[in-house]
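Please work through the following exercises with the structure at hand. Each task is followed by a solution in steps.

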Amino acid sequence: MHCLPRTFRGAWALTSSWTSQARRFGASGVVNTLTDYVVFMLLTRIFSIPLNRVWTAKLVSGGLAMVVSFLLNRRWVFASWGVGCAGQVTRFLVTTISGSWGIQLGLTQLFSSVWPIPGLLGFAALRQVGVPALAPGIVTEAAAIKTAAFALATCASMAWNFVLYRAWVFRDSF
């Protein structure tokens, strides 16, 4: 712990503030993820985007989710009311773009077209219990593949984002 720079030491303490922030981060993540997912699925459906091009929809949906994420994280999760916004915006964009358009974009594409096994397994499980028959135009193999890819990529980027938001982006607020 002491090998970290002094400015980071306090950010890593497991306090009630840390756990409270983690809970709020999780809740804001649900809002961000729903925004991202709904826009992603609508774009792929409306524009009939094939699995090998889903990154185009993810680029747009991720950008919109970034705006929502910054507002929620700055004000509610990390309570950065009086801290200068310009530096936070820059650090936030570096962190979030690397997470959303680096980690998420790459993993979404990987799990959609290169290695779609998680989505195929999910669809097979849904088919076993009859879910596709209930909504045949909605619960499809392609939708299951995209959903699994989206979920796996989101989990990876959320871990990345929380650590960097707390240690670097909004560190001045606590």
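**Exercise 1.** Determine whether the side chains of Asp-36 and Lys-58 are buried or exposed, and describe how they meet.

*Solution.* In this predicted model, Asp-36 and Lys-58 are both buried. Their side chains meet in a salt bridge, with 2.6 Å from N to O. The cut-off for such a bridge is 4 Å between the side-chain nitrogen and the carboxyl oxygen. The pair joins distant parts of the chain, since Asp-36 belongs to helix H2 (residues 16-46) and Lys-58 to helix H3, 22 residues apart. A search of the whole structure finds one salt bridge. Lys-58 is listed with the buried residues of H3, which also include Ser-61, Asn-73 and Arg-74.

**Exercise 2.** Classify the ring pairs Phe-92 with Tyr-165 and Phe-111 with Trp-115.

*Solution.* A pair of aromatic rings is described by the distance of the centres and the angle of the planes. The count of aromatic pairs comes to 14. For Phe-92 and Tyr-165, the centres are 5.2 Å apart and the planes stand at 25°, so the pair is stacked. This pair links helix H4 and helix H7 across 73 residues, and both partners are buried. For Phe-111 and Trp-115, the values are 5.9 Å centre to centre and 55° between the planes, and the pair is tilted. Phe-111 is buried at 14% relative accessible area, whereas Trp-115 is partly exposed at 45%. Phe-92 and Tyr-165 also belong to one aromatic cluster, together with Trp-18, Phe-25, Phe-70, Phe-78, Phe-162 and Phe-170.

**Exercise 3.** State which residues form the nonpolar patch on the surface, and which elements give two or more residues to it.

*Solution.* The patch is formed by Trp-55, Leu-59, Val-60, Leu-93, Ile-97 and Trp-101, with about 480 Å² of accessible area together. Helix H3 (54-77) and helix H4 (85-114) are the elements that give two or more residues. Leu-93 has its place in helix H4 and is partly exposed, with a relative accessible area of 36%.

Conventions
Residues are numbered from 1 along each chain as its sequence is written. This is a predicted model: local features need pLDDT of at least 70, side-chain atom pairs count only at pLDDT 80 or more; totals for chains, interfaces and linings use all residues. Side-chain values use heavy atoms; hydrogens and water are left out. Patches are made of residues with over 30% relative accessible area and no salt bridge: like charges are joined within 9 Å, nonpolar side chains (Val, Leu, Ile, Met, Phe, Trp, Tyr) within 5 Å. Accessible areas come from the Shrake-Rupley method with a 1.4 Å probe; for residues, only the protein chains shown count as cover. Helices (H or I, at least four residues) and strands (E, at least two) are DSSP runs, numbered from the N terminus. Buried means under 20% relative accessible area, exposed over 50%, partly exposed in between (1.4 Å probe, protein chains only). Rings of Phe, Tyr and Trp (its six-membered ring) pair if their centres lie within 6.5 Å; planes under 30 degrees apart count as stacked, over 60 as edge-to-face and the rest as tilted.
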